[in-house]
Amino acid sequence: MEFQPVLLWTDLLLFVLVAGALLMALHVRRHEPLRAAWRKVGQRPAGMASMTVLMAFVVIGLLDSMHFRAALPPVEGQPDAATIYSSEVLSVLDHALAPLRLRTEKTYSAPFADRLYQRETVELAGGGQTRIYPRLEHGGSHLPEGASIAADLAQHLVTILSHAGIAMLAVLAVLTLVVGRGRQGRYGDALRAILCGHTTLAWRAALVTTALISLLVAAAYVLAPLYHVIGTDKVGQDVLYLSLKSVRTALVIGTITTLVMLPFAVALGIAAGYLGGWVDDVIQYLYTVLNAIPGVLLIAAAVLMMQVVIDTHPDWFETAAERSDARLLALCFILGITSWTGLCRLLRGETLKLRELEYVQAARAFGASTATILRRHILPNVMHIVMIALVMDFSGLVLAEAVLSYVGIGVDPTTISFGTMINMARAELAREPMVWWSLTAAFAFMFVLVLAANLFADVIRDAFDPRR
């Protein structure tokens with residue numbers, strides 16, 4: 001398939017973050033204290049399990065960050081004409097989930113249903129009308145009339161288990177090879193150690209988590225082409241597809257906002273703590289004033305002003321995806337600029353303590369410059385606070401996006417996110433019968449992501465905090 005790559009701003013920043021993470025991994029490998037701290041993370045079952053879940057979300061987010069525009073078929077009778085690309089920007093995830101993306105129904109359908117969720121009036125063959133629940137166009141269309149859905153699902157259970165089993169055996173084989181290399185090729189001992197939980201790192205916890213993820217992926221892989229596994233929304237879109245697409249938005253909000261916030265918090269916090277005097281007074285005054293402004297009102301005002309700028313300059317954006325991406329990026333900057341104060345306060349307090357220690361005073365007595373002291377003695381000793389705060393802020397930012405989109409000041413309405421899913425589903429909770437699956441799916445995906453981030457943050461805090 002011929003295509004034209006498209007690099008959105010948020011894609012670029014996400015890939016920069018991934019490159020930064022890889023560079024940090026190389027840096028950690030060369031420093032034993034950092035290796036020891038990360039080894040503590042790996043020794044905790046909660047750390048390995050949460051890291052496995054987060055990696056699964058990251059893979060989904062990265063697949064959804066590789067965008068392209070597909071080439072349109074050539075005009076009939078003009079085979080040599082220049083290639084024209086579609087204005088619709090798709091991602092690799094969209095291409096992989098094409099059956100879910102394109103198989104839309106008229107409106108709501110419940111999970112694993114073969115009929116619409118609301119009645120329609122149809123004409124009877126012998127005259128007259130009646131109201132029935134019509135068959136879905138795609139969900140359960142392979143079943144004959146009157147067939148049992150439960151029996152059909154039971155028939156696919158063996159296939160699901162076999163797919164998940166094959167995936168688990170492949171993962172177990174890779175783990176055995178990795179652990180066996182550290183045991184001088186005794187792969188049998190390595191396999192027993194992994195299964196019994198006697199390895200240095202908690203590989204068994206990662207293996208159990210991978211088994212659960214494999215089971216869910218296998219079930220979706222087998223059943224999604226046959227049914228709408230989590231139902232459809234008001235316009236008939238598959239809710240499983242919407243939930244997977246929301247993962248990238250959550251990751252963008254949680255990571256790029258951190259990237260924006262970090263320079264402000266680190267630079268101002270260390271400067272206030274070490275330099276003191278009028279610099280400390282100005283910075284304290286700045287974040288005290290900023291904290292006195294109601295955060296939601298400040299964010300709403302900034303988002304609405306940015307929306308006006310975007311709406312009055314449509315010529316800046318070639319496609320609708322670029323326009324939505326600009327608003328998403330603007331929201332990241334706004335959240336980042338308004339959320340640096342907490343980390344800044346922590347770094348100021350820690351720097352106030354560090355600058356009075358003997359080795360910092362000795363460096364000052366030997367004539368080391370302020371920049372050298374900050375770079376060599378202050379910054380490395382506050383990085384554990386930065387690391388802990390960043391991981392703990394991630395879940396808060398994901399929830400903030402959901403709340404802001406719920407009240408209508410978050411991402412662009414065309415951008416799929418957990419917040420827009422909840423916003424679309426709220427009106428349907430009052431109808432009879434209730435449409436519950438859109439809200440439940442958004443809640444479940446967001447809950448797993450935030451819970452994994454919180455567990456990972458707890459393990460990071462225990463491993464990197466020198467007082468523990």
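This is a predicted model: local features need pLDDT of at least 70, side-chain atom pairs count only at pLDDT 80 or more; totals for chains, interfaces and linings use all residues.

Student: Which domains does the assignment give for the chain?

Tutor: Start from the bounds. Domain 1 covers 3-72 + 83-102, domain 2 covers 143-224, and domain 3 covers 242-464. We take up domain 1 and domain 2, whose centres, over C-alpha atoms, are 23 Å apart.

Student: How many residues of domain 1 and domain 2 are in contact?

Tutor: Contact counts heavy atoms within 4.5 Å. Here 11 residues of domain 1 meet 10 residues of domain 2.

Student: What area is buried between domain 1 and domain 2, and what share do carbon and sulfur atoms give?

Tutor: The buried area is summed over both sides. For this pair it is about 760 Å², with 81% from carbon and sulfur atoms. On the side of domain 1, the residues that lose the most area to domain 2 are Gln43, Met48 and Thr52, which together make up 49% of what that side buries.

Student: How many salt bridges and polar contacts are there between domain 1 and domain 2?

Tutor: The salt-bridge count is 0. For polar contacts, the rule finds 1 residue pair across the interface, both residues at pLDDT 80 or more.

Student: Which elements give two or more residues to the side of domain 1 that touches domain 2?

Tutor: They are α2 (32-43) and α3 (45-63). The largest share, 6 residues, comes from α3. By residue class, that side of domain 1 has 6 nonpolar, 3 polar and 2 charged residues.

How values were computed
Residues are numbered from 1 along each chain as its sequence is written. Side-chain values use heavy atoms; hydrogens and water are left out. Domain bounds come from an automatic or database domain assignment. Buried area is the accessible area (1.4 Å probe) that two parts lose on being put together, summed over both. A salt bridge is a side-chain nitrogen of Lys or Arg within 4 Å of a carboxyl oxygen of Asp or Glu. A polar contact is a pair of N or O atoms within 3.5 Å; within protein, one must be able to donate a hydrogen and the other to accept it, and residues adjacent in sequence count only if both atoms are side-chain atoms. Helices (H or I, at least four residues) and strands (E, at least two) are DSSP runs, numbered from the N terminus. Ala, Val, Leu, Ile, Met, Phe, Trp, Tyr, Cys and Pro count as nonpolar, Asp, Glu, Lys and Arg as charged, and the others, Gly among them, as polar.
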